Amino acid sequence: MTATIFKTKWGWIGLAATGRGVCAVVLPKPTRRAVERELRGVSANGTGGAAARSLKAAREAVTAYLAGKAHTFDLPLDLGGQTRFRVKVWEALRRIPYGRVRSYGWVARKIGKPQAARAVGAACGANPVPLLIPCHRVVAGDGSLGGFSGGLSNKKRLLKLEGLMIP
């Protein structure tokens, strides 16, 4: 695994990649050390040129997104070792347009498991590459924010960046 940590106006961000693609995103933290601690828990194999290229592209894409200059991510991801259910959920999340939200129930229906809204929430919480797979765009059925592995303040901030007014 190859990793990079960089500072943005949002805080310190971490990225990790293998030869297959980006395998981890650590959302903004107040210190570099906090990001380092979280990246230590990432296990992935592989280093080299492909991982370095993935990291460079991901850093540029995340920086542009956080500056409001990019709305989509077209990056290779390494989601190896994940369950088929999680991957199906994450594929559905990648189709939620910038500046829009969908409910956990909507995602569950989209993947053909209409009773699995809670399991969809768990898959969102296990997303190793938030932003790249936009789990922040998923809200509760009543329109409330629900949860977010990166913290609700980051979720509100990301949705606001995308032009959504969140109470």
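**Exercise 1. Decide whether Y65 and F73 are buried or exposed, and describe how their rings are arranged.**

*Solution.* Both Y65 and F73 are buried, where buried means under 20% relative accessible area, exposed over 50%, and partly exposed in between (1.4 Å probe, protein chains only). The model is predicted: local features need pLDDT of at least 70, side-chain atom pairs count only at pLDDT 80 or more, and totals for chains, interfaces and linings use all residues. Residues are numbered from 1 along each chain as its sequence is written, and side-chain values use heavy atoms, with hydrogens and water left out.

Step 1. Apply the accessibility rule: Y65 has a relative accessible area of 1% and is therefore buried.

Step 2. Apply the ring rule. Rings of Phe, Tyr and Trp (its six-membered ring) pair if their centres lie within 6.5 Å; planes under 30 degrees apart count as stacked, over 60 as edge-to-face and the rest as tilted. The count by this rule is 2 aromatic pairs. The ring centres of Y65 and F73 are 5.4 Å apart and the planes meet at 50°, so this pair is tilted.

Step 3. Y65 also pairs with Y98, edge-to-face, with 6.1 Å from centre to centre and 85° between the planes. Because Y65 lies in helix α2 and Y98 in the loop between α3 and β4 (102–103), this pair ties together parts that are 33 residues apart in sequence. Helices (H or I, at least four residues) and strands (E, at least two) are DSSP runs, numbered from the N terminus.

Step 4. Y65, F73 and Y98 form one aromatic cluster.

**Exercise 2. Why do the buried residues of α1 line one face of the helix?**

*Solution.* Step 1. Helix α1 (residues 32–40) has A34, V35 and L39 buried. Seen down the helix axis, the buried residues of α1 fall within an arc of 135°, so they line one face; the arc is that of the directions from the helix axis to the C-beta atoms.

Step 1. The face turned away from this buried side carries the exposed residues R33 and R40.

Step 2. The buried residues of α1 pack against β1, β2 and β3.

**Exercise 3. How many bridges join β1 to β2?**

*Solution.* Step 1. Two strands pair if DSSP finds at least two bridges between them. Strand β1 (residues 2–8) is joined to β2 by 7 bridges, and the strands run antiparallel.

Step 1. F6 has I13 as its bridge partner in β2. The two strands form a hairpin with 2 residues between them.

Note on methods
Contact means heavy atoms within 4.5 Å.
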